[in-house]
Amino acid sequence: LLAVARVSLGAVNLRQQHEYQLPDDGVFWVESGRQVMARDVIAAGPADAAGLKAGDILLSINGRAVAKSAELSREVFNLGSGGHARYQVLRQGAPAEFEVVLEARTRAVRSSLQLVGWLYLIMGLFVLFRRFRAPRATHFYLFCLASFVLFVFSYTGKLNTFDWVIYWTNAAALLLQPALFAHFCLVYPGARGDPEKDKTLTSSRKFLLFWIYGSAAALGTIHLGVAMGVLRFSAPLAELRWLLD
């Protein structure tokens with residue numbers, strides 16, 4: 001049932017990823033003081049082709065003043081893929097202007113990871129059906145299922161109800177997958193020996209499991225706090241999301 005539910009969600013999500021693609025200018029913008037600065041420019045990307053360089057300070061886009069990276073993101077989103085954006089920037093104190101043709105955000109790396117995710121699911125189901133009664137078979141399957149969700153699910157940026165479900169399911173898998181893997185390594189193969197020694201090992205394992213899943217829960221709480229606006233940081237949202245991951 002878990003597999004059917006996740007595969008159904010994944011199939012709809014893959015279709016949405018194919019049909020809906022966010023526009024991109026090929027620049028990683030950061031807020032520096034009260035200015036928006038290009039920290040990195042992707043080689044051969046739209047901005048690079050137009051002549052933008054790292055260190056450029058953005059003044060306006062299509063005549064609209066930009067003071068925050070969120071304002072730039074909204075403008076790029078509204079223009080869409082194929083849209084023309086006129087960037088007014090400050091380069092080493094001198095004003096300059098560039099015409100950037102926005103492109104759909106590339107998903108080449110994501111496509112490769114999605115293939116890996118499907119392989120994980122097939123492997124987990126194979127082990128579950130062939131060795132259902134074997135020790136840790138279900139645990140291994142849950143690890144494979146979490147890996148499938150982590151690599152296949154990806155929110156599109158529409159941020160409708162379904163997109164938020166995908167977003168939080170993926171975030172949960174990001175935290176659960178390494179925790180399940182560490183747990184699996186602690187308990188497999190589970191050979192028994194001296195009873196007293198086994199009791200000590202069990203006690204130490206419980207302590208380690210508390211920290212493994214406790215760390216995942218703590219990171220999940222921080223992630224939720226940032227999303228709800230309870231926790232605020234000075235870093236741009238895109239950089240903050242990367243740091244959380």
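**Note on the predicted model**

1. Start with Ile 61. Not counting residues up to four places away in sequence, Ile 61 touches Val 66, Leu 72, Glu 75, Val 76, Leu 79, Ala 85, Arg 86, Tyr 87 and Gln 88. Here contact means heavy atoms within 4.5 Å.

2. This is a predicted model, where local features need pLDDT of at least 70 and side-chain atom pairs count only at pLDDT 80 or more, while totals for chains, interfaces and linings use all residues. Residues are numbered from 1 along each chain as its sequence is written, and side-chain values use heavy atoms, leaving out hydrogens and water.

3. Ile 61 also belongs to the largest nonpolar core, which has 17 residues. Trp 29, Leu 52, Leu 58, Ile 61, Leu 72 and Tyr 87 have the most contacts inside this core. A nonpolar core is a set of buried Ala, Val, Leu, Ile, Met, Phe, Trp, Tyr and Cys residues joined through side-chain atoms within 4.5 Å. Buried means under 20% relative accessible area, exposed over 50%, and partly exposed in between (1.4 Å probe, protein chains only).

4. Most residues other than glycine have a negative phi. Asn 62 has a positive phi, near 55 degrees. Asn 62 is partly exposed, because its relative accessibility is 30%.

5. Arg 136 also has a positive phi, near 70 degrees. Its relative accessibility is 37%, so Arg 136 counts as partly exposed.

6. Finally, Met 228. With a relative accessible area of 61%, Met 228 is exposed.
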